[in-house]
Amino acid sequence: MTQTTTTDNPYLLLTPGPLSTSRTVREAMLRDWCTWDRDYNELVQSTRQKLAGLATTQTDDYTSVLMQGSGSFCVEAVISSVIPKAGKLLVLTNGAYGDRIVQMAQVHGIHTTVIDFGELAQVDARAVEQTLAADGAITHVAVVHSETTTGMLNPIAEIGAAVKKYGKVYIVDAMSSFGGIPLDVAELSIDFLISSANKCIQGVPGFGFVIAKTSELHKCAGVARTLSLDLYDQWKTMEEQNGKWRYTSPTHVVRAFYQALLELEQEGGVAKRYERYKQNQAILSEGMERLGLRALLPKESQSPFITSFYYPEVESFSFAELYERLKQAGFVIYPGKISQANTFRIGNIGEVYPADMERLLTAVEANRFWL
């Protein structure tokens with residue numbers, strides 16, 4: 001039987017997150033929880049264990065930390081908590097989210113070198129290796145796995161090999177990819193991986209998390225430049241107080257995320273979810289091409305999470321009008337974010353299935369007002 005999304009919402013969110021969630025994930029938020037209660041704290045601990053298990057088979061070497069706020073809060077928690085005053089950060093960027101890491105480092109006064117590959121090129125591991133060979137002062141390297149600005153997927157395995165060849169700490173922003181594509185942080189030599197509740201695991205917004213190599217996290221004691229975003233202290237409190245957060249936690253969101261983790265398991269795990277997302281993206285990109293809408297990126301660098309499309313090259317096209325027409329048809333899409341071309345973006349993660357992509361294509365075809 002062909003599966004399609006059933007929802008009590010007026011439209012599907014075809015965005016990189018927040019995204020459309022299952023009714024059962026939303027229903028999980030209907031109960032109140034006490035942050036001091038043992039049942040809730042055990043739920044937190046189980047969530048942390050499940051996250052570590054999703055990230056690697058080498059769970060004895062890795063741990064997870066939950067952090068209040070959006071994904072960017074978690075990225076800043078890592079950047080401001082793991083790089084010592086004498087450290088130096090190399091940021092590899094090819095979009096807005098890599099640029100945001102640079103901005104965070106600058107705000108915290110961290111000595112930073114940037115390699116900007118432009119918005120339309122993948123990060124090149126050879127350039128990373130050349131920079132590390134030339135600058136021994138670099139201690140940490142950060143990159144975005146799936147750059148949501150365009151839909152670009154960066155080669156984190158090759159980058160990680162270069163980073164570890166020179167013995168540096170490897171930080172990966174996997175905000176829009178973790179849980180939606182198979183990876184093992186230990187095999188990839190990742191020391192800190194960052195993601196959020198409302199992406200591929202299909203929870204709701206309110207907190208993010210860090211998968212950390214425990215030996216590297218121990219080195220972060222006393223390093224943090226902020227109080228609320230101190231990653232080490234958050235982890236230490238959760239470890240010593242059986243899942244207790246230092247400050248008020250988003251209890252309803254945590255329970256919804258736990259339900260989303262259960263539903264990921266029921267789907268068949270990350271590999272099965274990756275297959276669904278890949279199929280969604282293939283149907284989308286091939287169908288849009290048939291309708292005369294060209295993808296921004298070549299297939300070899302395109303992620304299965306969100307796709308950028310060029311505007312039709314006619315004056316009669318208006319993204320605002322397309323957006324409103326598709327919203328009326330039951331779909332919400334995303335504006336573009338790059339500076340080099342006029343684009344819009346369509347995501348295919350969340351509680352979205354191939355039949356939904358087919359319905360979307362039917363709606364786009366029926367609303368090609370620019371022809």
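Cys-74 counts as buried in this predicted model, because its relative accessibility is 0%. Cys-220 is buried too, with a relative accessible area of 3%.

**Cysteines**

- How many disulfides does a search of the whole structure find? The search comes back with 0 disulfides.
- Cys-74 takes part in no disulfide, and the nearest cysteine sulfur, which belongs to Cys-220, lies 14 Å away.
- The cut-off for a disulfide is a pair of sulfur atoms within 2.5 Å.

**The seven-stranded sheet**

- An open sheet is built from 7 strands, and reading across it the order is β2-β10-β9-β8-β5-β3-β4, with mixed pairing.
- Strands β2 (62-68) and β4 (111-116) are at the edges; each has a single partner strand, so one side of each is left without a neighbour in the sheet.
- From one strand to the next, the twist averages 20°.
- Strands β3 (residues 88-93) and β5 (residues 140-144) run parallel and are joined by 4 bridges. To find this pairing in your viewer, look for Val-91, which stands opposite Ala-142 in β5.
- Helix α6 (residues 156-165) lies across β3, β5 and β8 (169-173), and runs at about 160° to β8.
- Helix α8 (residues 231-240) also packs on the sheet, where it touches β2, β9 (192-196) and β10 (207-213). The direction of α8 makes about 105° with that of β2.

**The three-stranded sheet**

- Another open sheet has 3 strands in the order β11-β14-β13, and here the pairing is antiparallel.
- Its edge strands are β11 (306-310) and β13 (334-335), each of which pairs on one side only.
- Between β11 and β14 (residues 343-347) there are 5 bridges, and the two strands run antiparallel. Thr-307 has Ile-346 in β14 as its bridge partner.
- Helix α10 (residues 269-290) packs on this sheet and touches β11 and β14, with its direction at about 5° to that of β11.

**Salt bridges**

- The count of salt bridges comes to 14, and a few of them are described here.
- The side chains of Lys-88 and Asp-135 form one of them, with 2.5 Å from N to O. This pair links distant parts of the chain: Lys-88 sits in strand β3, while Asp-135 is in the loop between α5 (125-134) and β5, 47 residues apart. Are these two partners buried or exposed? Both Lys-88 and Asp-135 are buried.
- Lys-165 pairs with Glu-129 in a salt bridge whose closest N and O atoms are 2.4 Å apart. Here too distant parts of the chain are linked, with Lys-165 in helix α6 and Glu-129 in helix α5, 36 residues apart. Lys-165 is exposed, at a relative accessible area of 55%, whereas Glu-129 counts as partly exposed at 26%.
- Glu-275 and Lys-272 meet through their side chains at 3.9 Å, N to O. Both residues lie in helix α10, 3 residues apart, or about one turn of the helix. Glu-275 is partly exposed at 43%, and Lys-272 is partly exposed at 42%.

**Nonpolar cores**

- The largest nonpolar core has 57 residues. Leu-51, Leu-92, Phe-178, Phe-207 and Phe-209 have the most contacts inside it.
- Helix α9 (residues 251-267) gives this core its largest share, 7 residues.
- Which residues does Leu-51 touch, leaving aside those up to four places away in sequence? Its contacts are Ser-64, Leu-66, Phe-178, Ile-201, Phe-209, Ile-211, Phe-257 and Leu-261.
- A second, separate core has 31 residues, including Met-104, Ile-171, Ile-194 and Val-210.

Definitions and conventions. Residues numbered from 1 in each chain as written. Predicted model: local features only at pLDDT ≥ 70, side-chain atom pairs only at ≥ 80, totals over all residues. Heavy atoms only, no water. Pairing = 2+ DSSP bridges. Axes fitted to C-alpha atoms, helices over the stretch in contact; angles between N-to-C directions. Contact = heavy atoms within 4.5 Å. Buried < 20%, exposed > 50% of the residue type's maximum accessible area, 1.4 Å probe, protein only. Salt bridge = Lys/Arg side-chain N within 4 Å of Asp/Glu carboxyl O. Core = buried A, V, L, I, M, F, W, Y, C linked by side-chain atoms within 4.5 Å.
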